[in-house]
Amino acid sequence: MTSPSLTIGTALLAFSPTLTLFFLIILPKPILTILSVVAAFAYLLSAFGSSLVWLVLNAIFQFSQDQNNDNDNNGNNNNSGIGALLALTVPSVIIQCIVRMQFVKLYFGVEDVIRKSVAKHEAESSPEHSDATNDANNNNDGSGDQNQNQQQHRHAETNALQLQLNDLSCSLASGTGYALLHTLFLFGTLLASESHEGSNYYGNINNGGGYYGGGGGSTGHGGTLYQYSCGGVMPSLMNGALVGMMFSILDVCWMMLTFFGMRRRRQEQVQLQLQRRQQHQHQQQQQGLGPIRQSGGNGIGGIGSTLCDMLSFFKGINDTTQGGNAALGLVLCSHLLASLVLAPNGTMEDGCKISLPCLGGVVVLVVLLFLRGVKGHFLPVDQRERIQELRLGGGNGMTTTGGGGSYHND
């Protein structure tokens, strides 16, 4: 049986980044907790979609392999292995990126509904709205002070909700929920197989013709599991824990970059709609003039500017549609790179000596690009102005959210 210290240590290593964020930041806030659970469900959808695509592609590869059984060339075998790797990796990465984008888009829709409800609540609790009630109760001593305290309490709740609904806290909560379930799939399945070591013996014990049917020992008799790709380096639990930990960090960064990119694309679309309305009104006023054309960033120029933004993350990306596309492009390319560098970990002897350092390099690169690219302007302008207003105005809302003010160091 695997040593309990190895099992507990590797489990703590795999889940430490996500559980730390979950218990310290997300769990005390119900809204963020709900958001993290929904994000975990989004990962389930992406895993389900990837599995369906893989079933179809695997059937195609099996059929082509059966057709080429008479061909024993090594080059064909290598090509088929590379093709299977790409067929598994590329669709899975694309599906996960699409699910992230759709999840963020759905969140933006829910956020609009919540903000409208908050605005309605603020209008109903405003001093102008309660003037009639205050005038009716002026004859009662102390009623004005009581109404004022009620209004301050309502605004404190509103300020707390406004501080929680910002892109930084919500993207962090979403990334944590997404990463937690991803790590559970990567490492939890291996941990479950290790816990069912070879305690079951199949066959006739007296005749000596049976065998151990355990689920993970290196000998099949309940020992610690060592895989061919990392047999001379570390146990499989340690290998899986390191992969799960690094992917959990990447999942959080990818979700936050997706929030950043989708927010910039959405802001640009709203501005374009407003500009089109203004142009339409201007054209109606001046019917004698031709339509007013606006030079945009579409076509080859827009693609070129997007590529330039992707290559200049260390200089910081701007708050435009091209900047949002660059952030989403970074998510797609880095996710594909992180998946491909794991190929030696499952196909080569001691391949983990190559895969783990390369995956660690991808983690460091993504974190540096994220911090440098969005430094000082991760939040959109309206959220920064609202939080700055709450800071200057004081109020009980700042103390309600705990570390809400620490989110913004612009």
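Reader: Which residues is Glu 111 in contact with, leaving aside its neighbours within four places in sequence?

Author: This is a predicted model, so read every value as computed from it. Glu 111 is in contact with Leu 165, Asp 167, Arg 263 and Gln 383, its neighbours within four places in sequence left aside. Glu 111 itself sits in helix H3.

Reader: Is Glu 111 buried or exposed?

Author: Compare the relative accessibility with the cut-off: buried means under 20%. Glu 111 has 2%, so it counts as buried.

Reader: What share of the residues of the chain count as buried?

Author: Of the 410 residues, 40% count as buried. The chain has 13 helices and 2 strands.

Reader: How do I read the contacts in the chain by distance in sequence?

Author: Take the contacts between residues at least 6 apart in sequence. Of these, 75% join residues at least 24 apart.

Reader: Where is Val 252, and which residues is it in contact with?

Author: Val 252 is found in helix H7. At 9% relative accessibility, it counts as buried. Beyond its neighbours within four places in sequence, Val 252 is in contact with Leu 21, Leu 172, Gly 175, Thr 176 and Ala 179.

Reader: Which residues of H2 are buried?

Author: First the general idea. An α-helix has 3.6 residues a turn, so residues three or four places apart point the same way. In H2, the buried residues include Leu 32, Leu 35, Ser 36, Ala 39, Ala 40 and Tyr 43. Also buried in H2 are Ser 46, Ala 47, Gly 49 and Ser 50.

Reader: How many residues of H9 are buried?

Author: H9 is mostly covered, with 14 of its 20 residues buried.

Reader: How many residues has the largest nonpolar core?

Author: In soluble globular proteins, nonpolar side chains tend to be buried together. Here the largest nonpolar core has 36 residues. Leu 359 and Phe 378 have the most contacts inside it. The elements giving two or more residues to this core are helices H3 (74-124), H6 (167-195), H7 (236-285), H9 and H11 (352-373). H7 gives the most, with 11 residues.

Reader: Which residues is Leu 359 in contact with?

Author: Leave aside its neighbours within four places in sequence. Leu 359 is then in contact with Val 243, Met 246, Phe 247, Leu 250, Ala 338, Val 341 and Leu 342. Apart from this core lies another, of 24 residues, among them Ala 42, Val 99, Phe 108 and Leu 165.

Reader: Which cysteines does a disulfide join?

Author: A disulfide is a covalent bond between the sulfur atoms of two cysteines. In this model a disulfide joins Cys 230 to Cys 352, with 2.0 Å from S to S. The count comes to 1 disulfide. With 75° about the S-S bond, the link is right-handed. Cys 230 lies in the loop between strand E2 (211-212) and H7, and Cys 352 in helix H11, so the pair ties together parts that are 122 residues apart in sequence. Both Cys 230 and Cys 352 are buried.

Reader: What about Leu 225: where is its place?

Author: Leu 225 is in the loop between E2 and H7. At 15% relative accessibility, it counts as buried. Leu 225 and Ser 193 are 32 residues apart in sequence and 9.5 Å apart in space, C-alpha to C-alpha.

Reader: What volume has the largest pocket, and which residues lie nearest its centre?

Author: Its volume is about 940 Å³. The lining has 29 residues, of which Leu 88, His 182, Leu 186, Phe 247 and Leu 342 lie nearest the centre. The elements giving two or more residues to the lining are helix H2 (30-67), H3, H6, H7, H9 and helix H10 (344-347).

Definitions and conventions. Residues numbered from 1 in each chain as written. Predicted model: local features only at pLDDT ≥ 70, side-chain atom pairs only at ≥ 80, totals over all residues. Heavy atoms only, no water. Buried < 20%, exposed > 50% of the residue type's maximum accessible area, 1.4 Å probe, protein only. Helix = DSSP H or I, 4+ residues; strand = E, 2+ residues; numbered from the N terminus. Core = buried A, V, L, I, M, F, W, Y, C linked by side-chain atoms within 4.5 Å. Contact = heavy atoms within 4.5 Å. Disulfide = S-S within 2.5 Å. 1 Å grid on protein atoms, 1.4 Å probe; cavity = no way out; pocket = protein on both sides within 12 Å on 5 of 7 lines; lining within 4 Å. Points joined across faces, edges and corners; volume = space filled by probe spheres on them.
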